[in-house]
Amino acid sequence: MPATLLERIELTVLPVTDAVLPEKRARDERGEAHFIVNNYQVCRVAALSLLPGKGYRGNHYHKHKTEGFYLLCGRMRLALTCLASNESAVLELEPGSRFVIPPMVAHNMLALEPLWFIEFTDHPYDKSDDNPYHLA
């Protein structure tokens, strides 16, 4: 049986811990540390912000690129549609959420409060792989 859309997204909330882990969040008197990915081939990294009421990031899909995201601060609504199965999902995500979107999954992000997130991809940027797709 093929994996469902949410199984394909690979959503992980990184734990806040003092334990020695390769992927985690840690807090102390100096501030915070976010160890976002370990052993992942990355070709591009970007830091993005989004303000509530200012529109979406995304509203597209990629035929080739896998995109990973890590929510540093703020809350977001993530809308997804799998183009192969037409399955859709909407998630509300908190800081520390990491998710990986495979090719052929349309996605957009809406800020529920001011947010910052990191994008990491397995392919270099290619404008021709940004395919518009309107999600509500």
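Before I start: helices (H or I, at least four residues) and strands (E, at least two) are DSSP runs, numbered from the N terminus. I'm working on a predicted model, where local features need pLDDT of at least 70, side-chain atom pairs count only at pLDDT 80 or more, and totals for chains, interfaces and linings use all residues. Residues are numbered from 1 along each chain as its sequence is written, and side-chain values use heavy atoms, with hydrogens and water left out.

**Pro 15**

I looked up Pro 15 and found it in the loop between β1 and β2 (24-28). Pro 15 is partly exposed at 37% relative accessible area; buried would be under 20%, exposed over 50%, and partly exposed is in between (1.4 Å probe, protein chains only). I also checked Ala 33, which is 18 residues away from Pro 15 along the chain, and their C-alpha atoms are separated by 12 Å.

**The sheet**

Next I traced an open sheet of 5 strands, and its order is β1-β9-β6-β11-β4 with antiparallel pairing. Two strands pair if DSSP finds at least two bridges between them. β1 (12-13) and β4 (44-50) are at the edges with a single partner strand each, so one side of each has no neighbour in the sheet. Inside the sheet I picked β6 (67-73) and β11 (115-121), which run antiparallel and are joined by 6 bridges. I followed Tyr 70 across to its bridge partner in β11, Ile 118.

**The core**

Then I went for the largest nonpolar core, which has 19 residues. Such a core is a set of buried Ala, Val, Leu, Ile, Met, Phe, Trp, Tyr and Cys residues joined through side-chain atoms within 4.5 Å. Met 76, Leu 78, Leu 80, Phe 99 and Ile 101 touch the most other members. Elements giving two or more residues to this core include α1 (5-9), β8 (88-93) and β9 (97-101). β7 gives the most, with 4 residues.

**The pocket**

I noted 16 residues lining the largest pocket, with Leu 48, Gly 58, His 60, Glu 67 and Glu 119 nearest its centre. A pocket is an open set of points on a 1 Å grid over the protein atoms alone where a 1.4 Å probe fits, with protein on both sides within 12 Å along at least five of seven lines; lining residues have an atom within 4 Å of a point. Among the elements giving two or more residues to this lining are β5 (56-61) and β10 (105-111).

**Cysteines**

Last, I counted 0 disulfides, a disulfide being a pair of cysteine sulfur atoms within 2.5 Å. Cys 43 is partly exposed at 40% relative accessible area, and Cys 73 is partly exposed at 34%.
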